[in-house]
Amino acid sequence: MISRRALEAVTAVLTGSFGLAVVISSLGNGIGWGNDGVDPGTFPFITGVIILAGSLYNLVRGLSGIGIAVSRDDLRRIAGLFVPAAIFVGAIPYAGMYLASAGYIFGVLALPKHQSLPRALIIALATPLALYIVFERMFQVSLPHGELAATLGY
Amino acid sequence: MENLQSLLHGFTIALSLQHLALMVVGVLLGILVGVLPGLGAPNGVSLLLPLTFGMQPVSAIILLSSMYWGALFGGSVTSILFNIPGEPSSVATTFDGYPMAREGRPTTALATAFGSAAFGALVGVILITFLASWVAQVALAFGPAEYFAVYFLAFASFVGMGGAAPMKTVVALAIGFAIAAIGIDTVSGSVRLTMGIDELVKGVSFVVAVMGLFGIGELLIAVEEEIHARAVSSKIDWLEVFRAVGNLPKHGTALLRSAAIGCWMGITPGGPTAASFMSYGIAKRFSRQGKRFGSGEVEGIIAPETADHAAGTSALLPMLSLGIPGSATAAVMMGGLMIWGLNPGPMLFVDQKDFVWGLIASMYVGNIVAVALVLLTVPVFAALMRIPFAIIAPLIVIICAVGAYSVSNSYLDIVLMLGFGVIGYLFKKLNYPLAPLVLAIVIGDKAEDAFRQSMLMSKGSLTIFFDNRLVTSLVVAGFALLLLPLALQLLRLLRGGADTRQAWVQRRWR
């Protein structure tokens, strides 16, 4: 269960720390008026300051928020979508796009018993095949094959 | 007259067999992404972008813009038949469209929506035909200071008229600017904001941001709200289609008013979503049937649909003639223009006549193709909605990952895309607007260049922004828009409470 106040605060802190990082990083590029015009760090510096100031304002405003933003059930459903997606993305460098997507689809459909086993298997195999035909063949965009394929010699 | 001649020339380009085929493909793909929750016009168009690199720019833009029209129509189909807006801009269509469909008049609702949408789009295209080249001519005389002032005005109008909390809009805009600055600075050649990650030197593409913000973010919102497709019958009764369209002229005032609102919100970057809500709200206040809005009123469908499409179409006017996109999708298309090696802005009307007028002519044809196709395919796409969300969701995740990767064959982009997904969810949940963020990523570099060039011209003095009447009035108008929310708030405080329900609904869906 996440209250609206907490969610507002977390988001404001998140944007604020990004702003802070931008400010610090842009100082390294130099800000102000240099020999060849406006220094490269100036514009990012200004945007960083605006992000920081705006986030502080939103943080203060957000603390007066009331009610629940995400209920326990919501959170479970969101995690149910996001965690497998994150694992899928994490697996791409090793397993490659094709294997990872097949495993991802199969895992998401078969494990929570959303679909029958054969149907999950068919969808899991059809997806990488479609990707291969559309991208690798039709549009000649090479998708990552992964370290596993590399060690196997593909 | 010159415009009409150029337009006729444009038709000779747009009406080739190849381009008509591209329109059909584009519209169908557009309806598909419009119907599927989690995929929308911005990420649909970004997905197609890498596939257009080998094409002629005219063909590429015809494909992408047709997809845009298709997505605008597709969003209305699910709004009316399932009460699920496929696109944020068709949320207002659910208010009266779904009740009418549930009453047993789905064909009337659909035909009314498509008819008024086509009218809105037509008004938008006519506006572009006659106004775009004139605006471009004026803009040819612009120097860097004027350009920066126009950018400033565009961003200020987001803050002033976007409808979201002003400070959240400001933060979203500034984050977009910072993201645009990541990588090699084009002026000095120095590396900026990479935070020690070497791969970031190439910068962060807007496609990656769009995939995450609109794709993954939208999915997370959709799974949280646990959408259930409760369909009403999707059979089309053709006689009723003609009757409903024939009845449209009776609502002439509503049509014209909504089209005007749409065009205004499209040209000033308010975008289609804000336009449809504003138009619905105003129609509710002024229509004789206003009290019955929400229970399946015809004008309750006409108002948001006309404004949505008028805004979607006219959003291309500032993109073509000034290089400032009027909506998130227009921003993506403009990114495409730059990748194809074209320079969006007034010079297009001088150097790329075929491209500009081919596109404008294709907008007339493309919208006709879209209306015909969407009517023919309603049952097919309605059936698509019966595929369980559990299957569609992982497929969309994979599509977004592939889309992000294919921009520059970088794995980091996939990880960034997922990160943007979390940001997209948080921002949507807390009513931070996403369109200004994308817009700032696309034109951030140009705005910065304009600023630095004007500073070079004035040797570091800000007075250049008050040098002549044009620049001064643009800057003053920008500041006025920035301060508008503050002024309105003060006014409200003085007058006491206000109508908050409509504003709440609107903010919730942004």
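Predicted model: local features only at pLDDT ≥ 70, side-chain atom pairs only at ≥ 80, totals over all residues.
How many of the residues of helix H3 (residues 41-48) of chain B are buried? Helix H3 of chain B is mostly covered, with 8 of its 8 residues buried.

Next, bring up what surrounds them.

Now click on B:Val438. Beyond its neighbours within four places in sequence, B:Val438 is in contact with B:Pro42, B:Gly176, B:Phe206, B:Ala209, B:Val210, B:Leu213, B:Ala328 and B:Ala331. B:Val438 and B:Tyr151 are the residues with the most contacts inside the largest nonpolar core, which has 219 residues. Domain 1 (2-70) and domain 2 (72-152) of chain A both contribute residues to this core, so it lies between them.

Colour those two domains of chain A separately. Their C-alpha centres lie 36 Å apart.

Finish at the contact between the chains, where chain A supplies 51 residues and chain B supplies 48. On the side of chain A that touches chain B, look for helix H1 (4-27), strand S3 (37-38), helix H2 (42-62), helix H3 (72-110) and helix H4 (117-138), each giving two or more residues. H3(A) gives the largest share, 17 residues. Colour this side by class and you will find 34 nonpolar, 14 polar and 3 charged residues.

Notes: Residues numbered from 1 in each chain as written. Chains lettered and ligands numbered in written order. Core = buried A, V, L, I, M, F, W, Y, C linked by C-beta atoms within 7 Å. Buried ≥ 20, exposed ≤ 12 C-beta atoms within 10 Å, placed from the backbone. Domains from an automatic or database assignment. Contact = placed C-beta atoms within 7 Å. Helix = DSSP H or I, 4+ residues; strand = E, 2+ residues; numbered from the N terminus. Nonpolar A, V, L, I, M, F, W, Y, C, P; charged D, E, K, R; others polar.
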